[in-house]
Amino acid sequence: MNRQSRPMLPEWQALERHAAALRSRSLRELFAEDPERGGRLALRAEGFYVDYSKNRVTDETRVLLFRLAAACGLAGETRRLFAGEAVNETEGRPALHWALRDLSSGALAIAGEDIMPRIRDVRERMAAAAGRLRAGQWLGHSGRPIRRLVHVGIGGSDLGPRMACAALRFFSQGGPRIDFVSNLDPGQMGETLRRLAPEETLFVLASKTFTTQETLANAACARDWLLGRFPDRAALARHVVAVTANPQAARDWGVAAENVFEFWDWVGGRFSLPSAVGLPLMAAIGPERFLELLRGYEAMDRHFRSAPPEANLPLLLALLGVWNAVFLGLPAHAVLPYSHALRLLPAFLQQLEMESNGKGVDRQGRAVGYATAPVLWGGPGTDGQHAFFQLLHQGTPAVSCDFIGFRRSLDPFADHHEQLLANLVAQTQALAFGRGREELARDHVPVAQRPFRAFPGDRISTTILADELTPGTLGRLIALYEHKVFAQGVIWNIDSFDQWGVELGKTIAARLLPKIKGEAPASDEDSSTRELIRYVRDGQEK
């Protein structure tokens with residue numbers, strides 16, 4: 001890849017000059033100058049219709065952005081990714097999440113070993129387990145069928161399956177009811193266990209290293225709860241499975257060897273849904289539907305690898321994100337699904353984007369000196385309209401938005417869905433064009449109220465539409481954002497696959513725990529930490 005400091009690239013500097021010239025142009029002007037803009041700045045591919053006309057871009061912007069991607073070596077880095085090279089340079093390993101959804105019969109040699117048979121073997125074992133759960137053939141220690149599944153994980157081992165199970169609930173008839181526990185706060189596990197019976201509950205412990213503090217603490221609660229009902233530790237073999245890249249640690253903890261489902265250190269947690277981490281989803285929707293999800297992923301993988309730049313959906317979203325964050329200076333990005341089923345998608349994408357590209361140092365260890373990942377947030381669109389859309393329309397921070405919707409609903413309430421789509425389209429129009437003095441006067445708004453009821457417009461948005469939310473659509477949508485994140489990392493010259501920023505707090509917490517418990521003095525800590533520990537300990541002693 002091109003390792004030159006990005007601001008030194010002529011293509012980067014050309015975009016800086018272009019942004020300065022374009023920044024004063026309003027979206028109203030751009031649409032007035034080009035009556036066909038709405039259709040021209042839209043892209044159809046892989047079942048998606050992406051309207052990006054409400055971004056502050058022109059044909060020149062697109063040309064300059066494509067040149068930047070080429071100058072940054074994106075094509076070569078994409079080949080390296082799919083060749084299994086060590087694109088995760090700080091950890092010295094490849095990023096092979098895409099291999100999890102490669103449904104061909106091909107081979108992929110990593111360090112002299114073809115990894116594809118291992119992937120297929122785990123997938124087959126998952127399908128067998130999911131089939132037994134769905135058929136009521138997985139029996140607990142007392143002989144009753146397992147009807148409830150509790151997935152215990154955190155971060156990427158939780159957000160992906162939790163989001164996907166909610167998104168595809170329409171397809172989950174016949175599967176066990178699934179709960180998710182991630183929080184170290186004992187309230188979440190306690191609330192979950194109060195609703196369950198040990199005789200019909202299976203726990204899935206998902207931890208890549210099987211050393212994650214939060215997951216192991218919750219796993220210990222689950223084990224104690226089960227052994228409180230079944231004193232025989234052999235009961236754990238019927239009620240606990242593990243998903244991990246450290247099978248020996250899971251077996252040492254007490255999980256039966258046949259109940260350990262492996263994934264690998266070349267799969268980042270936030271990319272791990274197609275691995276054994278997706279076991280709860282497969283149990284919910286069945287192996288065939290899970291295969292549809294993988295086919296969706298695979299289709300977007302092929303598209304990203306082969307589509308030309310001007311027709312490449314992930315590249316388009318990546319370049320728009322770089323343009324908005326770096327060259328137009330937008331510090332935040334909102335994801336707004338007009339879909340109750342996708343209500344957890346913003347949280348999932350928040351980890352995907354901010355953990356991947358929330359970096360301030362490039363691959364050469366230099367401070368980047370430019371914006372990388374924006375603050376990503378969001379929520380379901382119609383709920384947001386009655387909450388945070390006030391800030392989107394009239395607030396001082398400028399926020400770019402992705403609106404996501406579907407032409408058809410899987411539920412039989414057509415009028416509801418038409419109202420939903422009307423709101424989606426209306427919000428993008430209102431954000432883009434606002435409501436100025438002429439409209440306020442025409443609508444006879446009192447003069448004294450006009451400053452408060454004016455909408456400035458020029459709020460940027462991209463609209464992503466598909467036909468229906470099926471497993472295949474969800475797979476393509478997730479892969480669309482995954483490859484967007486990868487492309488942005490290349491353009492920003494950062495490693496999108498490490499996450500060192502999550503480590504320091506964990507290390508300090510381990511050091512502070514004995515002091516919180518009163519087992520060690522806190523005198524060597526800074527004054528704030530020392531007083532916080534003192535306050536907590538005083539409360540524990542009462």
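Reply: Val 152 stands opposite Leu 205 in strand 7. This is a predicted model. Strand 5 covers residues 148-152 and strand 7 covers residues 201-206. The two run parallel, and five bridges join them.

Now the sheet around that pair. The sheet is open and has five strands, in the order 6-5-7-8-9. The pairing is parallel. Strand 6 (177-181) and strand 9 (260-262) are the edge strands. Each of these edge strands pairs on one side only. From one strand to the next, the twist averages 20°. In general, the strands of a sheet pair through backbone hydrogen bonds.

Next, the helices that lie across the strands. Helix 6 is made of residues 116-134. Helix 6 lies across strand 5, strand 7 and strand 9. Its direction is at about 140° to strand 9. Helix 7 lies across strand 5, strand 6 and strand 7. Helix 7 runs at about 150° to strand 6.

Helix 7 also leads on to another helix. Helix 7 (residues 156-167) and helix 15 have axes that come within 9 Å. These axes cross at roughly 145°. The crossing of helix 7 and helix 15 is left-handed. From helix 7, the residues that meet helix 15 are Gly 156, Leu 159, Gly 160 and Met 163. From helix 15, the partners are Leu 345, Ala 347, Phe 348 and Gln 351. The residues of this contact divide into five nonpolar, three polar and no charged.

Glu 353 sits in helix 15, which spans residues 345-357. Is Glu 353 buried or exposed? Glu 353 counts as buried because its relative accessibility is 3%, and the cut-off for buried is under 20%. The side chain of Glu 353 makes a polar contact of 2.9 Å with the side chain of Lys 484. Leaving aside neighbours within four places in sequence, Glu 353 is in contact with several residues, among them Tyr 481, Lys 484, Val 485 and Gln 488. Gly 358, Ala 373 and Leu 376 are also in contact with Glu 353.

One more buried residue, in another helix. Leu 320 is found in helix 14 (residues 313-327). Leu 320 counts as buried, at 6% relative accessibility. Not counting residues up to four places away in sequence, Leu 320 touches Tyr 52, Asn 55, Val 57 and Thr 462. Leu 320 and Ser 142 are 56 Å apart in space, C-alpha to C-alpha. In sequence, Leu 320 and Ser 142 are 178 residues apart.

Note on methods:
Residues numbered from 1 in each chain as written. Predicted model: local features only at pLDDT ≥ 70, side-chain atom pairs only at ≥ 80, totals over all residues. Heavy atoms only, no water. Helix = DSSP H or I, 4+ residues; strand = E, 2+ residues; numbered from the N terminus. Buried < 20%, exposed > 50% of the residue type's maximum accessible area, 1.4 Å probe, protein only. Polar contact = N/O pair within 3.5 Å; in protein donor to acceptor, adjacent residues only side chain to side chain. Contact = heavy atoms within 4.5 Å. Axes fitted to C-alpha atoms, helices over the stretch in contact; angles between N-to-C directions. Left-handed = near helix turned anticlockwise from the far one by under 90°. Nonpolar A, V, L, I, M, F, W, Y, C, P; charged D, E, K, R; others polar. Pairing = 2+ DSSP bridges.
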